[in-house]
Amino acid sequence: MTLRRSLPGLAAGALGISLVLSAVPAATAAGEAQATTTAGKAQAPTVSEQQVMPHLRALQRIADRNGGNRAHGTKGYADSVAYVKSALDRAGFRTKLVPFTYDGATGSNLIADWPGGDPDHVLLTGAHLDSVKEGPGINDNGSGSAAVLAAALQVAESGLKPERHLRFAWWGAEELGLIGSADYVGKLSAAERRKIDVYLNFDQAGSKNTQQWLVVHDNEHGETEAQQAFEAWFAERDIPTFDIGVGGSDHESFGNAGIPSSGFSTGISDCIHEACDDLANVDPKTETTSTDALIGVLWKLAAAAPRR
């Protein structure tokens with residue numbers, strides 16, 4: 001999360017690669033049984049802590065090997081991208097690295113497309129993968145990155161056949177001012193921008209002491225489908241939500257380009273942008289709930305491709 005752009009006054013309660021690849025979990029039998037192949041008929045699977053937390057442990061190990069952080073332009077960030085990309089490649093995604101340069105250092109965004117779905121109606125789901133230089137960034141934003149990765153792997157493991165085309169992204173240099181996502185959006189043609197029905201962003205998905213989930217409402221662009229789906233998912237489970245506007249993370253880059261967005265956060269943690277933003281700064285139950293909410297809404301939105 002880019003702290004300089006975050007909403008004021010929202011506290012936490014309100015507001016080698018081969019080694020780490022061994023942490024990528026396989027689908028559970030229960031998860032496989034819950035999902036069918038056609039998006040319109042599929043019941044969204046759920047995940048366990050054992051399917052999400054290994055990704056965060058892998059990112060922690062990467063930071064530990066690389067000076068305690070995974071910041072833009074560092075080997076820690078490059079290794080983080082390699083970890084996520086390898087998991088996606090093995091699952092059958094079409095992945096690509098999109099490089100950019102900022103502040104004298106080269107970084108990259110990781111883009112992953114799931115084959116199939118209407119290419120004129122793209123459902124784009126993303127999170128920033130970089131940390132600040134002061135710490136490993138496990139909640140901010142390893143937690144969002146892990147939730148998006150776990151959701152993408154569920155798509156592959158279930159053999160989902162969506163109506164909308166599914167694209168997933170992990171952004172670089174968010175902590176320096178939304179640089180990676182802004183670079184991606186800025187390079188899209190007008191026609192490519194119109195093909196993105198909605199962008200879903202996840203930043204700090206595992207904050208401790210979370211009392212309510214902060215759901216993005218994009219009133220400026222009239223986005224209601226995604227935010228209503230998120231609020232319905234939480235309401236069905238008696239989980240309180242609080243609506244926030246577009247700002248403070250990569251969905252702002254999409255909003256600036258006129259692309260509707262939604263998503264959520266669990267609020268700013270006590271250790272934001274500090275060395276203590278490590279594994280101990282993430283609540284596994286909150287992280288798992290966030291991942292299930294992401295998957296539930298992803299399945300719902302994947303089933304329909306409304307014409308504009």
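K187 is exposed, at a relative accessible area of 52% (buried denotes under 20% relative accessible area, exposed over 50% and partly exposed in between, with a 1.4 Å probe and protein chains only). The side chain of K187 forms a salt bridge with that of D183, at 3.0 Å from N to O (a salt bridge being a side-chain nitrogen of Lys or Arg within 4 Å of a carboxyl oxygen of Asp or Glu). D183 is partly exposed, with a relative accessible area of 21%.

The model is predicted, so local features require pLDDT of at least 70 and side-chain atom pairs pLDDT 80 or more, whereas totals for chains, interfaces and linings use all residues. Residues are numbered from 1 along each chain as its sequence is written, and side-chain values use heavy atoms, without hydrogens and water.

Helix α6 spans residues 179-186, and its buried residues are I179, G180, S181, Y184 and V185 (helices are DSSP runs of H or I of at least four residues, strands runs of E of at least two, numbered from the N terminus). These buried residues pack against β1, β2, β3, β4, α7 and α9 (contact: heavy atoms within 4.5 Å).

Eight salt bridges were found in the whole structure. In one of them, K195 and D120 meet at 4.0 Å, N to O. This pair ties together helix α7 and strand β3, parts that are 75 residues apart in sequence. K195 is partly exposed at 32%, as is D120 at 39%. K75 and D79 also form a salt bridge, with the closest N and O atoms 2.8 Å apart; the two residues lie four residues apart in helix α4, about one helical turn. K75 is exposed at 54%, whereas D79 is buried at 10%. R164, D197 and E225 are linked in a network of salt bridges.
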